[in-house]
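Welcome! Take a look at the structure first, then follow along step by step.

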Amino acid sequence: MQIAQQGSNRIYTRETDANGKTYIRVTGTNRDENRAFIYMARHFHALGLPVPELYSVSEDEMSYTQEDLGDTLLFDHLEPTLLERAIRALAHIQVTGAKDFNWSVCFPVPAMDERSIRWDLNYFKYCFLKGTKLEFSEPKLEDDFDSLVKFILAQPAETFLYRDFQSRNVMIRDGQPYFIDFQGGRRGPTQYDVASFLWQAKAKIAPELREKLIDAYLEELKQLQPSLAETAWRAALPHFVLFRTLQVLGAYGYRGYFERKPHFLESIPLALKNLHELFEKNPELQTQYPYLYAISNDLLVLV
């Protein structure tokens, strides 16, 4: 039985072996991407981290089978207790998962470097912003992009960056979170995944709960990284929320405006609301990225 996917070209099917046990078969379209997932799944599972066990890999590496974690997505059960368990487990994937990790297998790049950051910012510009037909100054936009790139590259980045850590990529089994779809992971800053998770547009996590979850996450992270500079970490987080929001707007624009997928079109107003609220609650962002702030106001007509 094929399992529906929202934003992936991979094909997932649930199959049953001779003993009546189910498993998931994944058929990918890119061998290097498959190789990244296969390596990561084996590495994380060997460390006791909550990921599906890998059972087999085809000779051409274009498909593999893995543990069936069921059908319960965290997205469908956004309860505070489950959210906290997931974000505490994230800290372990990021820090423990980075131990003895072979970054060269990451797809398409081994780390969040300048080139990959600019790919995401251009994704926002070309796949979302131009799709809105809004008139904008490209030089002024690029000036703000330069500032954001410089800030992100200045942050500590020796941990595993999941990249698409959001509640649709967390399964719940027996009350515990399990992580899937981490094949785009690479070395990078911890704040990015927190921003992805807590500011996911359709999850609509309340600001008060967000703060409690950030506290819980940092409590866990500091156990793994006792030297963590918490004040600096918190000050950097809004910049990563901005970066992630721009990236997902690019994805929503591509999947929505170009592929006409309703789920992504529905998410655009929610993400724009997050963007506007982010600037309003963080005046320092208005100063550091003045043109992006102006654009966020102009885009309110789409909310």
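## Exercise 1: Helix 1 and its surroundings

The buried residues of helix 1 pack against strand 4 (54-57), strand 5 (63-67), helix 2 (80-95) and strand 6 (159-161). Keep in mind that this is a predicted model.

**Task.** Find which residues of helix 1 are buried, and compare the expected span of the helix with the distance between its end C-alpha atoms.

**Solution.** 
- Step 1: The buried set consists of Glu33, Asn34, Ala36, Phe37, Ile38, Met40, Ala41, His43 and Phe44.
- Step 2: Helix 1 covers residues 31-46, which is 16 residues, and at 1.5 Å a residue it should span 22 Å.

## Exercise 2: A residue in strand 5

**Task.** Is Ser63 buried or exposed, and which residues does Ser63 contact beyond its neighbours in sequence?

**Solution.** 
- Step 1: Locate Ser63 in strand 5.
- Step 2: Its relative accessibility is 14%. The cut-off for buried is under 20%, so Ser63 counts as buried.
- Step 3: Leaving out neighbours within four places in sequence, Ser63 is in contact with Arg25, Val26, Thr27, Asn34, Val57 and Ser58.

## Exercise 3: Two helix pairs

**Solution.** 
- Step 1: Two packed helices are described by the angle between their axes and the distance between the axes.
- Step 2: On the helix 4 side, the contact is made by Phe145, Leu148, Phe151 and Ile152; helix 7 brings Ala236, His239, Phe240, Leu242, Phe243 and Leu246. By class, that gives 9 nonpolar, 1 polar and no charged residues.
- Step 3: Leu275, His276, Phe279 and Glu280 of helix 8 meet Leu292, Tyr293, Ser296 and Asn297 of helix 10. The classes here are 4 nonpolar, 3 polar and 1 charged.

## Exercise 4: Loops with something to notice

**Task.** What is the phi of Asp100, what is the phi of Lys204, and which residues does a cis peptide bond join?

**Solution.** 
- Step 1: Most residues other than glycine have a negative phi, and most peptide bonds are trans.
- Step 2: Asp100 is not a glycine, yet its phi is positive, about 55 degrees. Asp100 lies in the loop between helix 2 and helix 3 and is exposed, with a relative accessible area of 76%.
- Step 3: Lys204 also has a positive phi, of about 50 degrees. Lys204 sits in the loop between helix 5 (191-198) and helix 6 (207-224) and is exposed at 62%.
- Step 4: The cis peptide bond joins Phe107 and Pro108, with omega about 5 degrees. Pro108 is in the loop between helix 2 and helix 3 (114-129).

Conventions
Residues are numbered from 1 along each chain as its sequence is written. This is a predicted model: local features need pLDDT of at least 70, side-chain atom pairs count only at pLDDT 80 or more; totals for chains, interfaces and linings use all residues. Side-chain values use heavy atoms; hydrogens and water are left out. Contact means heavy atoms within 4.5 Å. Helices (H or I, at least four residues) and strands (E, at least two) are DSSP runs, numbered from the N terminus. Ala, Val, Leu, Ile, Met, Phe, Trp, Tyr, Cys and Pro count as nonpolar, Asp, Glu, Lys and Arg as charged, and the others, Gly among them, as polar. The expected span of a helix is 1.5 Å times one less than its number of residues. Buried means under 20% relative accessible area, exposed over 50%, partly exposed in between (1.4 Å probe, protein chains only).
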